Amino acid sequence: MTINEIQDEVVEEFGGLDDWMDKYQLLIDLGSELKPLDARYKTESNLIDGCQSRVWLQADCKDGRLVFAAESDALIVKGIIALLIRVLSGHTPDEILGADLYFIDRIGLRDHLSPTRSNGLLAMVKQIRMYALAFKAKGAK
């Protein structure tokens, strides 16, 4: 699936929920489905700067595609990073760098996060794109 097809799925899932408490619950559920990050990746270098909560993000390149794994100590933040991984993991660096992450606004996420969580979301997206740039520079297509 393309990044946009996955984003459209996310928009549809969240669109079926009218109440933001239900949307927060969906985020929490998505976070709880995230596989625990291997302890060896819970390092200072994998911590995302700019997040109020602790968020670790690990990226690997397999067959030219980036595969992300993450964990957070906050339930909603864990759901947010799980959403980003769902949308972007398994794609090439060029696809990730060229992606317009419209699902964030379409599901109303940016409008319903506190300023500190909103900054954290931007920091997560920035870190994912930094990994994509780094792997592209190493020759991953």
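User: Which residue in S2 stands opposite Lys62?

Analyst: Welcome to a predicted model, in which local features need pLDDT of at least 70, side-chain atom pairs count only at pLDDT 80 or more, and totals for chains, interfaces and linings use all residues. Residues are numbered from 1 along each chain as its sequence is written, and side-chain values use heavy atoms, with hydrogens and water left out. In S2, the residue opposite Lys62 is Arg65.

User: How many bridges join S1 to S2?

Analyst: Two strands pair if DSSP finds at least two bridges between them. S1 and S2 (residues 65-72) run antiparallel, and the number of bridges joining them is eight.

User: Is Asp63 buried or exposed?

Analyst: Buried means under 20% relative accessible area, exposed over 50%, and partly exposed in between (1.4 Å probe, protein chains only). Asp63 has a relative accessible area of 81%. Because that value is over 50%, Asp63 counts as exposed.

User: What side chain joins that of Asn46 in a polar contact of 2.9 Å?

Analyst: Asn46 lies in the loop between H2 and S1 (55-62), and with a relative accessible area of 8% it is buried. A polar contact is a pair of N or O atoms within 3.5 Å; within protein, one must be able to donate a hydrogen and the other to accept it, and residues adjacent in sequence count only if both atoms are side-chain atoms. The backbone oxygen of Tyr41 lies 2.9 Å from a polar atom of the Asn46 side chain. The side-chain partner at 2.9 Å is Gln58.

User: Why do the buried residues of H2 line one face of the helix, and within what arc do they fall?

Analyst: The buried residues of H2 are Trp20, Lys23, Tyr24, Leu26, Leu27, Leu30 and Gly31. Seen down the helix axis, they fall within a limited arc, so they line one face; the arc is that of the directions from the helix axis to the C-beta atoms. The face turned away from the buried side carries the exposed residues Met21, Ser32 and Glu33.

User: How many of the 14 residues of H3 are buried?

Analyst: H3 reaches 20 Å from its first C-alpha to its last, close to the 20 Å expected, where the expected span is 1.5 Å times one less than the number of residues. Its buried residues include Ile76, Leu84 and Leu88. H3 is largely enclosed by the rest of the structure, because its buried residues number twelve.

Methods. Helix = DSSP H or I, 4+ residues; strand = E, 2+ residues; numbered from the N terminus.
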